[in-house]
Amino acid sequence: MYNPFSLSGKTILVTGASSGIGRATAIECSKMGAVLVLTGRNEERLQETLALLEGQGHAVLPCDLTEEEAINRFAKELPILNGVVLCAGISMLRPVAAINGEALQTVFRTNCFAPMLLTRYLLKHKRMATGASMVFVGSISGISNVATALSTYGASKSALMSFVRYAALELAGKKIRCNAVLPGRVETALLQNQTLNEEEVQQDIAKYPLKRYAQPHEVAQGIIYLLSDAANWVTGTSLTIDGGRSLI
């Protein structure tokens, strides 16, 4: 049966695959026929993700992507990839008056520098197949949905989205596509670790026209589109998946 969204025959790397959007993306990609390479820092949780995948041939390769030399070694070990999903990310609540260099380094190292450097080393070691697709997980906080104490996080995502456009232009000659997805709030551990109380959560949900937060698999399905042959002529763009939040 014709299915332009199929990932059959594709090998896809997912970073941050131990939880949240990364785990959901790995699961949904396996349902679409992909072979997955899972990475993150917590091998036990990666193994939990592995156990949830459909199909055979998947692999777990733990790596601390905040260390450049670790990224270099990791990239050398990878098979040839048809897709890369860069999900690893952290948030930090820090008012502007309390920002310091350590906080900036912590957030930018994970949210921005790691995916940029991984892209560099995947290219250096020729791990990307012709026609491959890279999908970077950004956030609507990088362009809208401005909130108190999230400036460092939002700035890191803005920088990542800028990088995606430059990478898309430079890598087009290699037939490698680069795109981003920009989720609104998603029901993940990252959201639960923030300090909103239940009343504040409900007030925030009320700002979403669809009156709820996303489930991780709903973001994963947008990622699958960008990985698939259905998006073969899509590069340098950002797909907003936010339940209408950016309309307000």
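Q: Which residue lies over the face of Y121?
A: R120 does, at 4.4 Å from the ring centre, where a charge counts as sitting over a ring if NZ of Lys or CZ of Arg is within 6 Å of the ring centre and within 35 degrees of the ring normal. This is a predicted model, in which local features need pLDDT of at least 70 and side-chain atom pairs count only at pLDDT 80 or more, while totals for chains, interfaces and linings use all residues. Residues are numbered from 1 along each chain as its sequence is written, and side-chain values use heavy atoms, with hydrogens and water left out.

Q: And what sits over the ring of Y208?
A: The charged end of R245 is found there, 5.9 Å from the centre of the ring.

Q: OK, on to aromatic pairs: how many are there?
A: The count comes to four, taking rings of Phe, Tyr and Trp (its six-membered ring) as paired if their centres lie within 6.5 Å, with planes under 30 degrees apart counted as stacked, over 60 as edge-to-face and the rest as tilted. One of them is the tilted pair of F108 and F113, with 6.0 Å from centre to centre and 45 degrees between the planes.

Q: Why is the pair of F136 and F163 edge-to-face?
A: The planes of these two rings are at 75 degrees, with the centres 6.0 Å apart, so the pair is classed as edge-to-face. Because F136 lies in strand β5 and F163 in helix α5 (residues 151-171), the pair ties together parts that are 27 residues apart in sequence. Helices (H or I, at least four residues) and strands (E, at least two) are DSSP runs, numbered from the N terminus. Both F136 and F163 are buried.

Q: Why is strand β5 largely enclosed?
A: Eight of the 10 residues of β5 (residues 128-137) are buried, so the rest of the structure largely encloses this strand.

Q: Which strands does β5 pair with?
A: Strand β4 (residues 81-86) runs parallel to β5 and is joined to it by five bridges, and strand β6 (residues 177-183) also pairs with β5 in the parallel sense over five bridges; two strands pair if DSSP finds at least two bridges between them. V135 of β5 is the bridge partner of V85, and V135 also stands opposite N179 in β6.

Q: What do β4, helix α4 and β5 make together?
A: They make a right-handed β-α-β unit, with α4 covering residues 101-124. A crossover is right-handed if, with the strands pointing away from the viewer, the path from the first strand over the helix to the second runs clockwise. Another right-handed unit of this kind is made by β1, helix α1 (residues 20-31) and β2.

Q: New topic: which residues of helix α7 are buried?
A: In α7 (residues 198-205), V201, D204 and I205 are buried. They cover an arc of only 100 degrees around the axis, which puts them on the same side of α7; the arc is that of the directions from the helix axis to the C-beta atoms.

Q: Last one: where is E67?
A: E67 is in the loop between β3 (59-60) and α3 (68-77), and E67 is partly exposed, with a relative accessible area of 43%. The C-alpha atoms of E67 and R109 are separated by 8.7 Å, although these residues are 42 residues apart along the chain.

Key. Buried < 20%, exposed > 50% of the residue type's maximum accessible area, 1.4 Å probe, protein only.
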